[in-house]
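I have opened my notebook on a structure that is new to me. Come and look through it with me.

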Amino acid sequence: MSAINIEIKARCFHPEKVEAFLLNARARFVGTDHQKDTYFTVPSGRLKLRQGSIENNLIFYQRPDGEGPKTSEFFLSPVQSGPSLEALLMAALPVKVIVEKWRKIFFIEHTKFHIDEVPSLGAFVEIEVSNLHHPHLTRESMEADCAYYMQALGIEAEHLIANSYSDMLLEQSK
């Protein structure tokens with residue numbers, strides 16, 4: 001089953017301030033996840049295997065690069081044995097890039113927040129409003145929630161990142 005996210009990624013110059021806001025807003029802290037995202041070369045969209053201490057999923061998504069909040073259509077399948085699935089996928093598909101990061105995960109209702117530290121790239125904050133577990137949410141209400149939290153966190157347009165971490169690492173390696 002597919003779902004959509006309305007999401008932003010922004011440079012985060014003060015992760016401790018973002019975390020303080022979330023805790024003051026009574027966000028539910030899920031934990032800190034050390035994640036390894038292996039991206040595979042596919043004809044369209046993006047396919048990644050996420051292996052972490054909290055989140056383990058095979059994810060396929062299509063999302064345009066661009067400034068501002070983006071809509072992403074995605075399919076997510078929980079993974080029980082990441083290493084064996086990784087070996088299978090690596091035998092079948094070329095690896096595009098591997099992204100490792102430390103991610104603090106928070107929720108306020110149906111909005112998910114990530115405070116990420118990506119080696120060689122820096123600190124980032126992500127806001128994701130998804131209808132995966134809330135199918136009643138409209139695109140408009142999801143966009144409004146994303147805009148509200150952008151303003152509450154003081155995220156300015158010049159802080160927004162158009163690309164994924166995978167694109168940023170590939171660009172950096174050129």
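I call a residue buried under 20% relative accessible area, exposed over 50%, and partly exposed in between, with a 1.4 Å probe and protein chains only. The model is predicted, so I keep to its limits: local features need pLDDT of at least 70, side-chain atom pairs count only at pLDDT 80 or more, and totals for chains, interfaces and linings use all residues. Residues are numbered from 1 along each chain as its sequence is written, and side-chain values use heavy atoms, leaving out hydrogens and water.

**Entry: helix 2.** I take helices (H or I, at least four residues) and strands (E, at least two) as DSSP runs, numbered from the N terminus. Which residues of helix 2 (residues 82-92) are buried? I found G82, E86 and L89.

Entry: I looked for contacts, meaning heavy atoms within 4.5 Å. Strand 2 (28-40), strand 3 (46-51) and strand 4 (57-62) are among what covers the buried residues of helix 2.

**Entry: strand pairs.** Two strands pair if DSSP finds at least two bridges between them. Strand 2 and strand 6 are antiparallel over 12 bridges, and Q35 has K101 in strand 6 as its bridge partner. Strand 6 also pairs with strand 7, antiparallel over seven bridges; there W102 stands opposite E117 in strand 7. Two residues lie between strand 6 and strand 7 in their hairpin, and E109 in the turn has a positive phi of about 50°.
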